[in-house]
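Let's take a walk through a protein model together. Have a look at the sequence and the structure below, and then we'll start with a single residue.

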Amino acid sequence: MNMLSATNLGLVNLGPAAAPADPARRSPAQLKALADEAARELEGAPAEVIARWAVDTFADRFCVTSSMADAVLAHVVSRVAPGVDVVFLDTGLHFPETLKVRDTVARTLPVTVRSIRPRLTVGQQDGEYGPRLFAKAPDECCALRKVEPLERALGDYDAWAAGLRRDESPTRANTPVVTFDARRGKVKVNPIAAWSQADVDNYISRWNVPVNELFRSGYTSVGCWPCTRRTKAGEDPRAGRWAMFEKTECGLHV
């Protein structure tokens, strides 16, 4: 078993975490330099090692983001940093199954779940922009219900982790394990970027990680209920997202 596979299954002992980094604020130039160096040095490293670097470097100015399709990333990082903040964007349009994963994570994992809501309720958005904005202008709806809340939530952090994987879609094929998010002035960490679906499945089985029940009924990627459908055999895993539009990303990762 190679190092990556062994670590994915939780069989590598990383030892105790290092002392927290100096929490002094870093400039965007300093953050970019850190990200560029880490991208080179950590490419090919196990997910836990990448997460450990982020925790050691940024201490409590590092958080995890999760769509609650599953709790793999939150679980990986919690093994390195118990109590880590996990940011969930509560759009008001999630499937009940997604909210169930969030609640299970908050109850069973050693993390602090922060549910971040948009400034407008769905009803208020309907009143201001017209009903069913997601069906008329999905980019605008995502900007209001996902992008702005994330940028607001990240205000207290210098770095954030996302669960992007290179095998998810062509638009994510070149995802680096660490990068500088110039738009937000933050370091973005993608610990499981190099994982395959088999790696994810093995980790879930090994650690009994919470998973969205919709995956058992034909969904291969889960977002807000109005803009997510089941996928057909042979389709790209993200083909069920915004299927009526030429859109593959909500704007959080572009």
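In which helix does Gln125 lie? Gln125 lies in helix α6; helices here are DSSP runs of H or I with at least four residues, strands are runs of E with at least two, and both are numbered from the N terminus.

A quick word on the ground rules. This is a predicted model, where local features need pLDDT of at least 70 and side-chain atom pairs count only at pLDDT 80 or more, while totals for chains, interfaces and linings use all residues. Residues are numbered from 1 along each chain as its sequence is written, and side-chain values use heavy atoms, with hydrogens and water left out.

Back to our residue. Gln125 counts as buried because its relative accessibility is 3%. Buried means under 20% relative accessible area, exposed means over 50%, and partly exposed is in between (1.4 Å probe, protein chains only). Arg230, in the segment after α9, is partly exposed. Here are the two side by side:

| Residue | Relative accessible area | Contacts beyond four places in sequence |
|---|---|---|
| Gln125 | 3% | Leu120, Gly130, Leu133, Cys141, Leu144, Arg145 |
| Arg230 | 47% | Ser217, Gly218, Tyr219 |

Contact means heavy atoms within 4.5 Å. Arg230 is also 16 residues along the chain from Leu214, and their C-alpha atoms are separated by 9.0 Å.

The axes of α6 (residues 122-129) and α8 (residues 138-153) come within 12 Å and cross at roughly 140°. That makes α6 oblique to α8, because angles under 35 degrees count as roughly parallel, over 145 as roughly antiparallel, 65 to 115 as roughly perpendicular and the rest as oblique. Who meets whom? From α6 come Val122, Gln125 and Tyr129, and they meet Glu140, Cys141, Leu144 and Arg145 of α8. By class, this contact has four nonpolar, one polar and two charged residues.

Next stop is helix α4 (residues 72-80), which is mostly covered, with eight of its nine residues buried. Among them are Val72, Leu73, His75 and Val80. The cover includes helices α3 (47-58) and α9 (197-207), along with strands β1 (62-65), β2 (84-89), β3 (111-116) and β4 (159-161).

Finally, zoom out. The protein has nine helices and six strands, and 49% of its 254 residues count as buried. Among contacts with a separation of 6 or more, 69% come from residues 24 or more positions apart.

Note on methods:
Axes are lines fitted to C-alpha atoms, for helices over the stretch in contact, and angles run from 0 to 180 degrees between N-to-C directions. Ala, Val, Leu, Ile, Met, Phe, Trp, Tyr, Cys and Pro count as nonpolar, Asp, Glu, Lys and Arg as charged, and the others, Gly among them, as polar.
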